[in-house]
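The entries follow the order in which I checked things.

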Amino acid sequence: MDLLKDDEITSRIRMVGPWEYDSEDKILIRETMFKDFMEAMGFLNKLAEAAEKLNHHPDMTLCEYSRVIVTTTTHDAGGITDNDIHLAQSFEKILEGYD
């Protein structure tokens with residue numbers, strides 16, 4: 001999988017949603033809040049299923065009861081690839097069901 005260049009990452013992720021790109025650590029970061037613990041856990045379980053289908057597994061953190069933080073990078077490639085963009089798109093698609 002080919003690494004994406006910084007300008008391409010910024011451009012593509014802007015079209016996906018409010019993700020942040022940490023160019024130093026080469027990760028994409030997304031944080032969101034849910035109404036309660038169970039809703040946050042339900043979301044994380046759905047994201048885990050999507051990640052398994054993509055065979056691309058993000059770091060997922062549930063903190064402060066209902067706040068979810070997800071980071072993704074392609075470790076084997078040493079940065080951001082199409083896999084990370086696809087995972088971010090899956091995140092946003094699942095999140096639409098929680099509005």
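Is Trp19 buried or exposed? I looked up its relative accessible area in this predicted model. The value for Trp19 is 7%, and buried means under 20%, so Trp19 is buried.

Next I counted the aromatic pairs, and the structure holds six. One of them joins Trp19 and Phe91, with 5.2 Å from centre to centre and 75° between the planes. I noted this pair as edge-to-face, because planes over 60 degrees apart count that way.

I then checked where the two residues lie. Trp19 is in the loop between α1 (6–16) and β1 (20–22), while Phe91 is in helix α3 (residues 82–96), so their pair ties together parts that are 72 residues apart in sequence. Phe91 is also buried, at 1% relative accessibility.

Which aromatic pair does Phe91 form with Phe43? I found another edge-to-face pair, with centres 4.9 Å apart and 80° between the planes. Phe43 belongs to helix α2 (residues 37–54) and Phe91 to helix α3, so this pair ties together parts that are 48 residues apart in sequence. For Phe43 I wrote down a relative accessible area of 0%, which is buried.

Note on methods
Residues are numbered from 1 along each chain as its sequence is written. This is a predicted model: local features need pLDDT of at least 70, side-chain atom pairs count only at pLDDT 80 or more; totals for chains, interfaces and linings use all residues. Side-chain values use heavy atoms; hydrogens and water are left out. Rings of Phe, Tyr and Trp (its six-membered ring) pair if their centres lie within 6.5 Å; planes under 30 degrees apart count as stacked, over 60 as edge-to-face and the rest as tilted. Helices (H or I, at least four residues) and strands (E, at least two) are DSSP runs, numbered from the N terminus. Buried means under 20% relative accessible area, exposed over 50%, partly exposed in between (1.4 Å probe, protein chains only).
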